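Q: I am new to this structure and would be grateful for a close look at one part of it, namely its charged side chains and their surroundings.

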Amino acid sequence: MIDFRYHLVSLVAVFLALSVGIVLGAGPLKGTIDSGVSSTLTNEVAALRADKAALNEELASVRSSNDGGQSLIAQLSPTAVHDVLAGRSVAIIVLPGADADMVSAVRTNITQAGATIASALTLDPSWLTSTEADRSSTFTELAAVLSVPGDGDKPADRDAAVLATLLTGRPGVAPTAQEGRRTALNRIAALGLLEIDGDNLALATDLVILGGPITAGDSQARLAAANGWVALAGHFTGTAAGHVLADAVQPRPAGQEDQDAAVYVSERVRADLAVAPRLSSVDDADTAMGALSVVFALVAGRSGSVGHYGLAAGAPAHNAPLPGS
């Protein structure tokens, strides 16, 4: 039978071993242990720094190559798009947050392609949220004057149809005179819903909608706003021959939570099973290649072809096909 003395001896042996270990670790073996640990950490830090430097060099090389490629595309764009939209007229709708340089580059490509800018509007965020009585009465009246089918229960659809009619007309309905369209758009502008950019207000054969990142509000509000712009864009697909929605989707940092991420309209277009087959999208319109794809997508739209182009997830092709290819 094991008695108390056995337990006592065992405890003494354990504490003795611990004491010896502490003494050796703090004394004769300390240098060896510290040297080994320090050497291992130093080697690991040096390896990590070398890996970081190599990755930075690789990233710089890729960026340099990409910048060079985009610069070449920008130089070749006037030749590539020359007269591919000759005789066409394009309405441009700029959504809140769209990058000014992107808008300018797309406009330049469109005019270099031989098209005219029929009209250009910048929409206010309140287009999606305003429920003022003046808005309802104004659009109800305009819908009647323009022979736009209206649904009192769906004012958003009515308002979108009115805007589409003012910019691109409606099949089977006599076009409204330019002065009449200006008067109507001025009334809408007076409500704070949009701004008219420039003096041109001709009927357009094609339409380009340019968007930006949606960052205001929580994740549900951002998603609702993006879906609202998609619904608006969908109303133009029956009136314009070529119709493209373009923005500039930025890479999301690793680990970024969905609720913190910006929402992009091009991504929501591709997720909308009703709109995606009718509305082309470009998600890298801030690049020379993307701005070129906007023009080529308009060309493809004349033959009823719809595509989704760019670098973001969900884009089946990097760029729109060359006309005639």
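Is Asp159 buried or exposed, and what is its relative accessible area?

A: In this predicted model, Asp159 has a relative accessible area of 2%. Asp159 therefore counts as buried, since the cut-off for that class is under 20%. Its salt-bridge partner is Arg158, with the closest N and O atoms 2.8 Å apart. Arg158 is likewise classed as buried, because its relative accessibility is 8%.

A second pair is formed by Arg270 and Asp283, whose side chains meet in a salt bridge at 2.8 Å, N to O. This pair links distant parts of the chain: Arg270 belongs to helix 8, while Asp283 lies in the loop between strand 6 (280-282) and helix 9 (288-301), 13 residues apart. Arg270 is counted as buried because its relative accessibility is 15%, and Asp283 is buried with a relative accessible area of 2%. Returning to Arg158 and Asp159, salt bridges that share partners join these two residues and Arg135 into one network.

The structure holds 5 salt bridges. Another of them connects Arg187 with Glu141, where the closest N and O atoms are 3.2 Å apart. Here too the pair links distant parts of the chain, with Arg187 in helix 6 (residues 178-190) and Glu141 in helix 4 (residues 133-145), 46 residues apart. Arg187 counts as partly exposed because its relative accessibility is 31%; Glu141 is also partly exposed, at 42%.

Asp247 presents a further case. This residue is buried yet has no salt bridge. The nearest side chain of opposite charge is that of Arg270, 6.5 Å away, which means that the pair falls outside the 4 Å limit for a salt bridge. Asp247 is located in the loop between strand 5 (242-246) and helix 8 (265-271). Beyond its sequence neighbours, Asp247 touches several residues, including Met102, Gly211, Tyr264, Ser266 and Asp283.

Seven strands form an open sheet with mixed pairing, in the order 3-2-1-4-5-6-7. At its edges are strand 3 (194-196) and strand 7 (308-309), each of which pairs on one side only. Strand 1 (residues 89-94) and strand 2 (residues 116-123) run parallel and are joined by 6 bridges. Helix 3 (residues 100-112) lies across strand 1, strand 2, strand 4 (206-210) and strand 5, and runs at about 165° to strand 4.

Definitions and conventions: Residues are numbered from 1 along each chain as its sequence is written. This is a predicted model: local features need pLDDT of at least 70, side-chain atom pairs count only at pLDDT 80 or more; totals for chains, interfaces and linings use all residues. Side-chain values use heavy atoms; hydrogens and water are left out. Helices (H or I, at least four residues) and strands (E, at least two) are DSSP runs, numbered from the N terminus. Buried means under 20% relative accessible area, exposed over 50%, partly exposed in between (1.4 Å probe, protein chains only). Lys and Arg count as positive and Asp and Glu as negative; His and the chain ends are not counted. Contact means heavy atoms within 4.5 Å. Two strands pair if DSSP finds at least two bridges between them. Axes are lines fitted to C-alpha atoms, for helices over the stretch in contact, and angles run from 0 to 180 degrees between N-to-C directions. Lists of a residue's contacts leave out its neighbours within four places in sequence.
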